[in-house]
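Trainee: Hi! Could you walk me through this model?
Mentor: Happy to, let's open it up.
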Amino acid sequence: MSFKKRLKPLYENPPQRKPKTAKKPKRKRDPFYSSYEWKTLRYEVLKESEGRCTLCGRSRNDFSVDGITKLNLTVDHITSRSVDPIKELDKENCQILCTDCHEAKKVNDNTDFRALG
Ligand SMILES: [Zn+2]
């Protein structure tokens, strides 16, 4: 077998490159959520919550409604920052919600669940 013939299969079947996948455009992180002021406030609110959702009372050890993922706790702005940015660092405007409750609460819903407990 000649040298060329031995190389031929390689030319016919060049190594396949991975198809380029369309990258999701990265969402710009809101610098507010990485600010020292917010992190400090968030920490205080989480500490005082005893690790439970204000609305449903579940903790990070409980499962989400999908039964697979564990819940996360979020510090929710009762009145959304987009509605009233002045209250974004107001502790009285913050409550702990689990991922399920936080996803269900809409931006314009300013229910204070602490008052319902
Ligand atoms: Zn909840």
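Trainee: Let's start with leucine 73. Which residue is its bridge partner in S2?
Mentor: The bridge partner of leucine 73 in S2 is cysteine 98. Before we go on, this is a predicted model, where local features need pLDDT of at least 70, side-chain atom pairs count only at pLDDT 80 or more, and totals for chains, interfaces and linings use all residues. Residues are numbered from 1 along each chain as its sequence is written.
Trainee: Thanks. How many bridges join S1 to S2?
Mentor: Five bridges join S1 (residues 73-77) to S2, and the two strands run antiparallel. Strands pair if DSSP finds at least two bridges between them.
Trainee: And what does leucine 73 touch?
Mentor: Leaving out residues up to four places away in sequence, leucine 73 touches Leu46, Gly51, Cys53, Arg60, Ile96 and Cys98. Contact here means C-beta atoms, placed from the backbone, within 7 Å.
Trainee: Which residues make up the largest nonpolar core?
Mentor: There are eight: Cys53, Leu55, Leu71, Leu73, Ile96, Leu97, Cys98 and Cys101. Strand S2 (residues 94-98) gives the most to this core, with three residues. A nonpolar core is a set of buried Ala, Val, Leu, Ile, Met, Phe, Trp, Tyr and Cys residues joined through C-beta atoms within 7 Å.
Trainee: Why is S2 called largely enclosed?
Mentor: Because five of its five residues are buried. A residue is buried if 20 or more other C-beta atoms lie within 10 Å of its own, exposed if 12 or fewer, and partly exposed in between. Cys94, Ile96 and Cys98 point one way from S2, while Gln95 and Leu97 point the other way.
Trainee: What about its span?
Mentor: The 13 residues of helix H2 (residues 36-48) should span 18 Å at 1.5 Å a residue, and the end C-alpha atoms are 19 Å apart, which agrees. The expected span is 1.5 Å times one less than the number of residues.
Trainee: Last one: where is aspartate 112?
Mentor: Aspartate 112 is in the segment after helix H3 (99-104). Aspartate 112 counts as partly exposed because it has 13 C-beta neighbours inside 10 Å. Leaving aside neighbours within four places in sequence, aspartate 112 is in contact with Ile78 and Gln95.
Trainee: And the overall layout, what order do the elements run in?
Mentor: From the N terminus on, α-α-β-β-α. Helices (H or I, at least four residues) and strands (E, at least two) are DSSP runs, numbered from the N terminus.

Note on methods
Two residues are in contact if their C-beta atoms, placed from the backbone, lie within 7 Å.
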